[in-house]
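My notes follow the structure.

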Amino acid sequence: MASPKSFVWTRRVVLTLLLLFVLIPVYVMLSSSLKKLQDVQGSFKWIPSSLTFRPYIDIWSTVPLAHYFVNSLIVSVSATLLSVAVAIFAAYGVSRYRFAGRRLFTVTVLSTQMFPGILFLLPLFIIFVSIGNSTGIQLYGSRLGLIITYLTFSLPFSIWMLVGYFDSIPRDLDEAAKVDGCGPFGALFRVVVPAAIPGIVAVSVYAFMTAWGEVLFASIMTNDSTRTLAVGLRGYATQNDVYWNQVMAASLVVSVPVVAGFLALQRYLVAGLTAGAVK
Amino acid sequence: MTATAPPRSAPEAGPPSGKPAAGGRLRPRIPVRLRQIGLPYLLLFPALILELLIHLIPMVFGIVISFKGLTQFFIRDWGSAPWSGLDNYRIAVKFNQPVGEALLHSFWVTCGFTLLSVAFCWLIGTVAAILLQDAFRGRAVLRAIFLVPYALPVYTAVITWTFMFQQDTGLVNHVLHDQLHLTSDKPFWLIGPNSFWALVIVSVWKGWPFAFLCLMAGLQNIPRELYEAAAMDGAGVWQQIRKITMPSLRPVNQVLVLVLFLWTFNDFNTPYVMFGQSAPHAADLISIHIYQSSFITWNFGSGSAMSVLLLLFLLLVTAIYLLLTSRKRGDADA
């Protein structure tokens, strides 16, 4: 379609402004991470007077960043894999079978999205502590507790999106597989899952980001040895000083893998949303 | 996509295949049918257990606690905390007393914050999605860059903004005061009345790409022929946006606005990373307020009562919203 001049100009102006809005914080993160401490302690400068990679070396010793990184990675990856697996089964059930309680299930699961996290933080804390006291299974303060908690956070959205996605895959395909001798699980894994890969990737990305970015439960439910990045980054602020250049360097190090992964997979997310959730 | 290659090893993945089972014994009919009925429940079982364990049971438990006088003295043995009936609620809604007054204040702050944040997220997301609908040079790059705030972990994004809002060393005051000379001195952004605006800006920056993402997906479902037909009839770009794009996006918008509302109203991460455990008065969002009432002053009963009130409010708003929007949709998808 031939866009008129007024539209093209509006587009240019608006998109430039948006680009600035989005990129300025990213620039601040990058440029400050390359400044000396005395440079970030003075008035802000757009152009650093001198560049140093020192913050990128110091971040690992100021706080045990590598340790937090590993914790975050273990928790987020496990939560993602489990959440996606659970969501695939549930979504398959909802999409392919008519059964009593189907609607109730979807409504219940979706409505958990609206619970304020703060409402079940404390009860969950008490439940985890009492499970630990009575059975010896340490959920409070452990990675396991955090994994179980996080995997439920992305579950409602994942199920919802996958149901939409599975619905868009013709039933004839898995019926045919069943005629050929597959059981329901065979049909799921040989036909439905391969056809729904974009949706599954999208849901995995969402689950990972949810877990990687969570702050509230991470700050209550972890101890020194299981602390995640979300809480650990606070360590760069001491009583007297905030090592802003190190904070920015650490933020960048923590963000780059997630952002790169996300941007590489964002096509799937849009495709997944298009086919699944947004209809 | 034809995954029906004939030579196949026995389907190991699923035990309940409709075939007569190996093992010599002929299975009677009823169990097979029973298993077929049970199958959907089996599929849902893990999800259900997890939702029960992490969401539903704690929620019920939270409601129970809200009727108890649970303070730090009883945290080891919560069962021994005395029942307090409706006391926690009564104190929470006595708006002329300090506790109730503070709760009401933070409720209004949260309402204002949510309205502004959702409105701007939606508006910017819509504009960006529409402007990026047509192919032009650099579209893919812009689309990727616009998603960066969404991809960044909340805490790194908010920490960066916190740095930018520092009074002496931040970019915001440098630009406003040193470069544009808009302010006579360097205002505080993280304490005092400005903190509310700082919070809104950060929330919008972080939140609008999600709206953008959903609306981009929604736009892809609009058939191009509609635009072509409209163009034939002489409709300009602006008219096409008004007459085709916006109506087609309505179903997406209905879900999107609700989700944005719920997420923003419950948002804890942004204020917590910006301000820590106690937010400035002007930016005292309800989630932080409840957190503080529960974990800092160790009054869990009172904190739970406030959470339940919050949940009731959200339920009410959601119900009204769903009623209003489903009536409009009406016959479209009964």
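I started with the interface: 108 residues of chain A are in contact with 111 residues of chain B, contact being heavy atoms within 4.5 Å. This is a predicted model, where local features need pLDDT of at least 70, side-chain atom pairs count only at pLDDT 80 or more, and totals for chains, interfaces and linings use all residues. Residues are numbered from 1 along each chain as written, chains are lettered from A and ligands numbered from 1 in written order, and side-chain values use heavy atoms, without hydrogens and water.

Next I looked up the buried area (accessible area, 1.4 Å probe, lost on putting two parts together, summed over both). Chains A and B bury about 9800 Å² between them, 79% of it on carbon and sulfur atoms. Helix H1 (residues 5-33) of chain A gives the most to the side of chain A that touches chain B, with 17 residues. Helices here are DSSP runs (H or I, at least four residues), numbered from the N terminus.

I sorted that side of chain A by class: 79 nonpolar, 23 polar and six charged residues. Nonpolar means Ala, Val, Leu, Ile, Met, Phe, Trp, Tyr, Cys and Pro; charged means Asp, Glu, Lys and Arg; the others, Gly among them, are polar.

How many salt bridges cross the interface of chain A and chain B? The rule finds zero, looking for a side-chain nitrogen of Lys or Arg within 4 Å of a carboxyl oxygen of Asp or Glu.

Then I turned to the lining of the second largest pocket. Its residues divide into 16 nonpolar, five polar and one charged. Helix H13 (244-277) of chain A, with helix H6 (154-164) and helix H12 (269-275) of chain B, each supply at least two residues of that lining.
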